[in-house]
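I opened this structure to look up a few things and keep notes on them. The entries follow in the order in which I checked them.

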Amino acid sequence: MKALTIAAGFAAIASAAAAETPVLTIYTYDSFVAEWGPGPAIEAAFEESCGCDLQFVTAGDGAELLSRLRLEGARSDADIVLGLDNNLMAAAHASGLFAPADIEMPELDLPIDWEDDTFIPFDWSWFAFVYDKTRLPNPPHSFADLMAMDYSILIQDPRSSTPGLGLLFWVKSVFGDQAQEAWEKLNPKIVTVTKGWTESYGMFLEGEADLVLSYTTSPAYHVIAEDDDSKAAAAFADGNYLQIEVAAKLAASDEPELADAFLAFMLSDAFQSVIPTTNWMYPAVLPEGGLPDGFVELERPDRSLIYLGDDVDNIRDEALDEWLAAAAN
Amino acid sequence: MARGRRQLTAAAWTGAAALALVLAVTLGTLATVALRAEFASGLGPADWAAVRFTLLQAVVSATLSVALGIPVARALARRRFAGRGLLITLLGAPFILPVIVAALGLIAVFGRNGIVSQALLWAGLEPVSIYGVQGVILAHVFFNLPLATRLILQGWLAIPGERFRLAASLGFGPGDIARTLERPMLRQVVPGAFLVILLLCLTSFAVALALGGGPRATTVELAIYQAFRYDFDLGKAALLALVQVLIAGSAALVALRLTLPAGLGGGLDRTIRRWDAAHPLLRLQDGLLIALAALFLILPLVMIAVNGLPALASLPASVFTATLRSLAVALISAFATIALALPLSAWIVQRRARIVELFGTLTIAASPLVIGTGLFILLFPIVDPAALALPVTALVNAVMALPFALRALVPALTAIEADYGPLADSLGMTGRARLRRLWLPRLRRPLGFATGLAAALSMGDLGVIAMFADPEGGTLPLALYRLMGAYRMDAAAGAALILLASSLALFWIFDRGGRLDADA
């Protein structure tokens, strides 16, 4: 009985404390909150002004975040999800879990126009093949080069990895109905297909292949953190496929105003200036000081490719079937 | 008799409780996921192709691992040499490593830039290519040959020295020994070892994918991933997980049927001397086998150590807190494994309850993704899943390690009961007394092995923690993935070395404790 009273007392204290400091719960992917990721700086900066307690909850990656929110449904504690991307947006819209953001949109620094008011971009990059300039003097400039010449490539499986899925869309957007033939020509160059980005990038750094599927912004890490400018990303004449990472407010959030405040903060300088050197992506809004050195020199493709809209999932299924069929031949 | 009966019932109760927990974690979570599904699309041709590939690669990998493991185990069983104990400990290393660490170690040796290719280039030859079917097999043999060797070696060491003494006095040569002593032992041990490795290969897809060279290397587990990630199709995920369990169940039935019970009479635990293996040619053969196996296993480990050493000094503090957390989880889950395995083994042996052994073995074939999701669905309405991350990880790891513990304990306990059971019965030694006076002393070796293995497995397992982890509370494998995911490959190599060292240390401490007597 006594224990019960004490427990009730604690609960009362806890709820009183909660009433004073509202809690904003953000679901994000794991690497975002690592000590070297953007999470810690962003949490400190937002808590300075919001009078709230910002709490991160993590899942492996964007696709797992969406799965988890669908499992939790309306009972979820999440106020914000941060880390979905353009390829997940259609499914996320269809889930009906998210509500439009009530914020003033600043001018975005994206290669495309942004119209969605539920999913707000916070960073972006292009998928690209990364190589080592000292080992590969003649990098490819297009898929045609990639197919024609004697390159070795590491990619990720589209069924378990975000960049892997990006490449599937990339090839589909360049080759359309000819995607399967394109894969049949690419497959002999592919050394192996890994479960995630981590495995293949690690293998690339060990010298296992000429090129690895990653981002145009990957070389910036090596320049800034390791003072090594030997890595470069190939901009393709066909264009490179975009990944735009987005955040959204949950419709069932019990702190909708605070959630909006965070989404507005997300597009401010305090958030955006942290992104390049912690998440190694382009910020969605150009920070006042511009991009850091190491990002400025990066090669940028002339064309940006992206599928937006409700039929993304159908395109994905078709592209996956073609990829598997090409591999079976 | 009445007393004995009651005691047996008590043992069965504990065993039943353990079994209920195991079933709840494996099949219970599967049912939870299936119930939560809104719809289920059936299995398409691609799924059946995945089933076929999964079976094929698992059978090939397990067959090779066991076929190679037998001669290596025999060589280790009949030779004494400096460093033998260390080598046997290192045998535990490959398959307790997280896949990515082991794969990078293999690549450092057999990859395009690896030492084998460099040596071949230097000699003016073509470099080797690891990617393709040969890569999958190489990796699976690297992972599982040591396990096969250890499990089979366990069988060899369990043959009482008196039998070899008797065989020597009868003038038996190696052929006679093989026929009368070794083959019966192998029929007892090999099906179980084969089964465990087969089941391991059923669910390991990251290796097959990373070294397999393409999407043809699609396993059932990968199809489960796809169902989750793409379509959030819980029904299909559960269905695929069920197919996986059914494959594993059929394999287990066959393997357990093939297993021969022991029954030749006990020994006095004297040091085993092998008069039969003194021939110089046999010595050469064994020496060669051991050297080759050691080289194959140890080179990649050495490369992991070499790559990791420079980063040790500059590792972020979080890696060390993650190490402590992992050690705690590993210890808890190792003792939980034994707490589950001992009553289950007793039940299996005393009641000849093969079906229990079947269920206890199936846990490796359960999909970690489905277990994690099922537990999540069960726990989420009650508590914050992140608050339970570490206990849940410890429990799931314990259940996943159970088949290994059963592999070590059941044959040993069967032998004990066959050799000493009638004597113990006639003395009226039941229940606790039997456990303390007969079982525990004689099970020391397999218990030490099983505890060490469970601890090391739990140390290296990413398992369900990724689904439950809170940002500040990750384990060491998770910290390692986080480092790699942030391009910090050097620091990750340092973390990998710490992981390798602490897994091995855990394994060594328990395993050593279990065989202090015989292997000096």
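**Entry 1: two helices in chain B**

I note at the start that this is a predicted model. I began with helix α2 (residues 45-78) of chain B and helix α7 (residues 133-157) of chain B, whose axes come within 6 Å and cross at roughly 45°. I then sorted the residues in the contact of α2(B) with α7(B) by class: 18 are nonpolar, seven are polar and one is charged.

**Entry 2: strand β10 of chain A**

Next I looked up strand β10 (residues 240-250) of chain A. How many of the residues of β10(A) are buried? Eleven of the eleven are, so β10(A) is largely enclosed by the rest of the structure.

I then went through strands that pair with β10(A).

- Strand β3 (residues 80-85) of chain A pairs with β10(A) in the antiparallel sense, over five bridges. Here I found A:Ile80 opposite A:Lys249 of β10(A).
- Strand β4 (residues 98-99) of chain A runs antiparallel to β10(A) and is joined to it by two bridges. A:Phe98 stands opposite A:Leu250 of β10(A).
- Strand β5 (residues 120-132) of chain A is antiparallel to β10(A) too, with six bridges in the pairing. I noted A:Ser125 opposite A:Gln243 of β10(A).
- Strand β12 (residues 304-305) of chain A pairs with β10(A) in the parallel sense, over two bridges.

**Entry 3: helix α3 of chain A**

I turned to helix α3 (residues 62-72) of chain A, which is mostly covered, with nine of its eleven residues buried. Among the buried residues of α3(A) are A:Gly62, A:Ala63, A:Glu64, A:Leu65 and A:Leu66. A:Ser67, A:Arg68, A:Leu69 and A:Glu72 of α3(A) are buried as well.

What do the buried residues of α3(A) pack against? In chain A they pack against β1 (23-29), β2 (53-59), β3, α4 (89-95) and α6 (162-175), and in chain B against α11. Just after α3(A) I found A:Gly73, which takes a positive phi of about 60°.

**Entry 4: where the chains touch**

I looked up the contact between the two chains, which takes 42 residues from chain B and 39 residues from chain A. On the side of chain B that touches chain A, at least two residues each come from α5 (99-110), α10 (206-212), α11 (220-229), α16 (368-379) and α21 (476-485) of chain B. By class, the residues on that side of chain B are 29 nonpolar, eight polar and five charged.

**Entry 5: one residue, B:Ile377**

I finished with B:Ile377, which is found in helix α16 of chain B. Is B:Ile377 buried, exposed or partly exposed? B:Ile377 has 17 other C-beta atoms within 10 Å and is therefore partly exposed, because a buried residue needs 20 or more and an exposed one has 12 or fewer.

I also checked which residues B:Ile377 touches, leaving aside its neighbours within four places in sequence. B:Ile377 is in contact with A:Leu71 from chain A, and with B:Thr32, B:Val33 and B:Arg36 from chain B. B:Val33 lies 344 residues from B:Ile377 along the chain, yet their C-alpha atoms are separated by 7.5 Å.

Key. Residues numbered from 1 in each chain as written. Chains lettered and ligands numbered in written order. Predicted model: local features only at pLDDT ≥ 70, side-chain atom pairs only at ≥ 80, totals over all residues. Axes fitted to C-alpha atoms, helices over the stretch in contact; angles between N-to-C directions. Helix = DSSP H or I, 4+ residues; strand = E, 2+ residues; numbered from the N terminus. Nonpolar A, V, L, I, M, F, W, Y, C, P; charged D, E, K, R; others polar. Pairing = 2+ DSSP bridges. Contact = placed C-beta atoms within 7 Å.
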